[in-house]
Amino acid sequence: MSTLLADSEAPIIVLSAKKHFEQLPTNEAKLYAHYLSRASHWGSRAVLRSVSPESEAIFDLVLGLHVALGSPESNEKYQEVLKPVAAESVTHYLEYASQFLGNLGNFKSFGDSKFVPKVSESDFTAIVKAAGKQELVDLYETVKEAIYSTNPALLGWPEKGQLSNYYPNSASVITKDEIEAINAALADRSIMPENTRVTKKSDKEFVVLVASALTDNTVDYYPKEAIELASGARVTIQFGDHSKEFAEIIKNIRAAGKYAANDTQKKMIEYYAQSFETGSMKAHKDSQIQWVKDLGPSVESNIGFIETYRDPSGVRGEWEGLVAMVNQDRTAKFATLVENAGTLIPYLPWDHFYEKDTFVPPDFTSLEVLTFSGSGVPAGINIPNYDDVRLNVGFKNVSLGNVLSANPKKPKKEEVISFVSASLQEKFRKWRDDSFEVQVGLHELLGHGTGKLLQETSPGQFNFDKAAHPELSTYYKPSETWGSLFGTTAGSFEECRAELVALYLILFKPLEVLPIFGITDAQDQKDVKLIATLLMARAGVIGLEFWDPESKKWGQPHMQARFGIFKSLHKAGVVSLKYDDKETFDDLEIVVDESKLDKEAVEALGDFLHKLHVFKCSANVKEGVAFYSDITGVTEDYAKYRDVVLKKKQPRKQLIQANTFLNSDGSIEVREYEESEVGMIQSFVDRAI
C-alpha cells in the first residue's frame with residue numbers, strides 16, 4: 001500500500017515558454033498557437049476516460065472544490081480556508097490533486113501504477129464538505145471507494161485483474177483473445193484503431209467506439225454493416241465517443257486554420273478537422289503527411305491519438321496535443337546533427353541491406369513547449385508513427401528544450417542522486433543535462449530514424465532482392481506492419497533499439513558526435529561518456545520500480561528498455577553494483593569502469609543493437625520477442641534490489657503549463673502560474689474544459 005501513496009514534496013516546475021511565445025514574428029502566429037493550444041486541451045477528457053472509469057469524475061471534483069473554496073491562490077491560502085482540517089491533511093490533499101492533474105488520471109503516466117491519497121478518507125470528506133456544495137459531496141460519494149481502492153493497482157489486461165478503460169462499460173471481462181480478434185478484424189479492413197475503444201456487450205456482441213464529433217458514419221473508411229468474427233461474434237461500430245469535446249476541438253482547429261502560415265499548414269488543419277469530425281484515421285494520416293512537409297514552422301504542433309503504450313494490446317492511442325515554438329539556438333545544434341547523419345549511419349552495427357536505400361534528413365528542431373496535452377510530457381518525439389509515411393514521405397524529430405532543462409526555481413529539498421557515489425555527485429549534476437540532450441538527439445534522429453522494414457509490398461513484389469537472400473525466411477507481408485506484428489512488445493523493443501543507437505554512438509564515435517553539441521574539450525568528452533553511461537545504467541536500476549514481481553509485467557516500456565541495456569553492460573563487466581549491506585542493499589552504488597567504455601561497452605552494446613535491428617527489419621517475431629523478453633527479464637539476481645529502489649525513489653517532476661487568453665483587442669496574453677500544487681490546479685481551472 002505504501003508504494004501506491006501519492007508523492008510528497010514532488011518538484012513542481014513551470015514549463016516556461018512565455019518568452020518564446022512573445023518572440024513569435026506576428027500576431028497571426030500567436031493566434032495560430034492559441035487556438036491549437038485550446039484544441040489540444042479540449043482532448044484532455046479523452047485521456048481521462050481512457051485511464052480509469054473514475055478519472056473524469058475526480059477531475060471535476062478537484063476543479064470544483066478549488067472554485068467552491070474561493071480559488072485560493074496559494075497553498076497557504078488553502079490552509080486558511082480549510083482551518084478545521086489538519087494542515088498536514090490539506091497538504092496531502094493538494095499533493096494528490098496536483099499529481100492527479102499532472103498525470104491526467106489516477107494512474108501514473110510513467111509506470112501505469114495507481115496512486116491513492118495520503119489524506120485519510122475522513123479528512124478528504126471534511127475538505128469536500130467545507131466547500132459547501134452538495135453536488136460536490138454527491139460527486140465525491142460516487143468516486144470515494146475508487147479513489148482509495150488499490151485493486152486493480154496496474155493498467156493492463158482486464159483478464160489478468162488489471163484495468164484498461166480502453167475497454168469500458170463491459171458486461172463481463174473482455175479477454176485478450178477477444179481483443180486481438182477484434183484488432184485483427186479491423187486490420188483486415190484497413191481500419192486503424194488508434195482512435196477507438198471497445199465495449200463488450202456480451203460474448204457475442206462487441207462495439208467499437210470511434211472518437212468523433214459526429215455520431216453517424218459519414219465516410220467510406222468504415223463499413224456500414226457489422227463485422228463478424230470467426231467465433232460468430234458481431235462487432236458494430238459506433239461513432240461519437242467524446243463527441244462534445246471533439247466539437248470544441250474542431251471549432252478551435254478551424255479557427256487556427258485562419259491564421260495558418262502557408263498552404264501546407266492549411267491542408268494539415270483541414271485534415272485534422274476531417275479526422276476529428278468523422279473519426280477517419282485515414283484523414284489523420286493525411287494530416288501527418290502535411291505535417292512532415294511543413295518544414296521549419298515558427299509554431300510547431302502535432303495533435304491526435306499518437307502513442308499506443310497504455311493499451312495492453314498496443315494499438316489504441318492516447319490523445320496528445322503539442323503546441324510549441326522553435327528555440328533557434330538549440331535547433332542549430334540539431335541541424336548540424338542532421339547534416340552529419342549520413343556519415344554517422346555507416347558506423348552503426350548492421351549491413352547496408354538493413355538500412356534505407358537513401359536516408360532522407362528529417363526536420364529536427366528544439367522546441368519550447370507551450371502546450372502538451374496528455375498524461376505526461378516527453379523530452380523528445382520522433383513521429384509520425386505510420387510506417388508507410390515514415391518510409392515514403394519522412395518524419396520529424398523534436399527535442400523539447402524546456403522539458404529537458406526543467407528544474408524548480410525553489411527546490412523543496414536538496415537533491416541527492418540515489419545509487420551514485422559521493423565522489424561523482426557533482427560531476428553527475430554538471431553533465432547530466434548535456435549528456436541527456438545528446439542521448440535524446442541521437443535517439444530520436446538515428447534511433448527511430450534508421451532501418452528498413454523488409455517487406456512484400458504487394459503479392460510477389462518486394463522492396464529488397466529476395467532471390468539474393470535465400471537465408472531470409474521472414475519478412476513483412478503486404479498487410480503487416482511493425483506494430484501489428486510485434487504487438488505489445490513493439491513499443492519497448494523500439495525504444496530500446498533507439499536508446500542503444502544513441503549510447504553506442506556516444507561511446508564508439510565521441511569525436512564525431514559530441515562536438516556537434518558543443519562538447520569539444522577532451523576531458524569534457526571523457527566526462528560525458530562516463531555520465532551518459534551512468535545515466536543509462538542508473539535508469540535501468542531504478543527502472544525496477546516499474547516491474548511488478550507478481551505479474552512479472554513491465555509497466556513502462558522505456559524503463560524495460562533501459563533495464564535491458566543496464567543488464568547487458570552489467571554482464572559485460574562494464575557496470576558493477578557495489579554494496580556492503582547484503583541484507584537491505586541500502587548502500588548500493590552503480591560503478592562504471594571507464595577503462596571498458598571504449599571496447600567492452602561498445603562490443604556489448606553493438607551486439608545487442610545488431611540483434612534487435614535485424615529482428616525488427618526482417619519481421620523475425622519469434623526469435624526477436626524471445627530474445628528481448630530474455631534480456632529484459634528480471635531474475636532474482638536483480639529482483640532483490642527492487643526494495644531499495646522503491647525505498648529511495650524520488651517523486652517525478654510535475655510540470656505546470658501556461659494558458660493563453662484572447663484579449664478584446666485581438667492580442668494574446670500568456671499566463672503562467674506559481675510553482676505549487678495550487679498553481680497546478682489553477683492552470684487547469686483556467687482552461688475551462
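**Exercise 1. Describe the second largest pocket: what is its volume, and which residues are closest to its centre?**

Solution. Step 1: the second largest pocket has a volume of about 560 Å³. A pocket here is an open set of points on a 1 Å grid over the protein atoms alone, where a 1.4 Å probe fits and protein lies on both sides within 12 Å along at least five of seven lines. The volume is the space filled by probe spheres set on the points, which are joined across faces, edges and corners.

This is a predicted model, in which local features need pLDDT of at least 70 and side-chain atom pairs count only at pLDDT 80 or more, while totals for chains, interfaces and linings use all residues. Residues are numbered from 1 along each chain as its sequence is written, and side-chain values use heavy atoms, without hydrogens and water.

Step 1: 27 residues line this pocket, and Leu-4, Ala-153, Leu-154, Asp-548 and Arg-642 are the closest to its centre. A lining residue has an atom within 4 Å of a point.

Step 2: strand S13 (547–548), strand S14 (553–554) and helix H25 (642–647) each give the lining at least two residues. Helices (H or I, at least four residues) and strands (E, at least two) are DSSP runs, numbered from the N terminus.

Step 3: domain 1 (160–242) and domain 2 (416–648) each contribute at least three residues to the lining. The domain bounds come from an automatic or database assignment.

**Exercise 2. Is Glu-444 buried or exposed?**

Solution. Step 1: Glu-444 is found in helix H16 (residues 425–447). Step 2: its relative accessible area is 6%, so Glu-444 is buried. Buried means under 20% with a 1.4 Å probe, protein chains only. Step 3: an unreviewed UniProt entry annotates Glu-444 as "active site"; such annotations may be inferred rather than shown by experiment.

Conventions. Buried means under 20% relative accessible area, exposed over 50%, partly exposed in between (1.4 Å probe, protein chains only).
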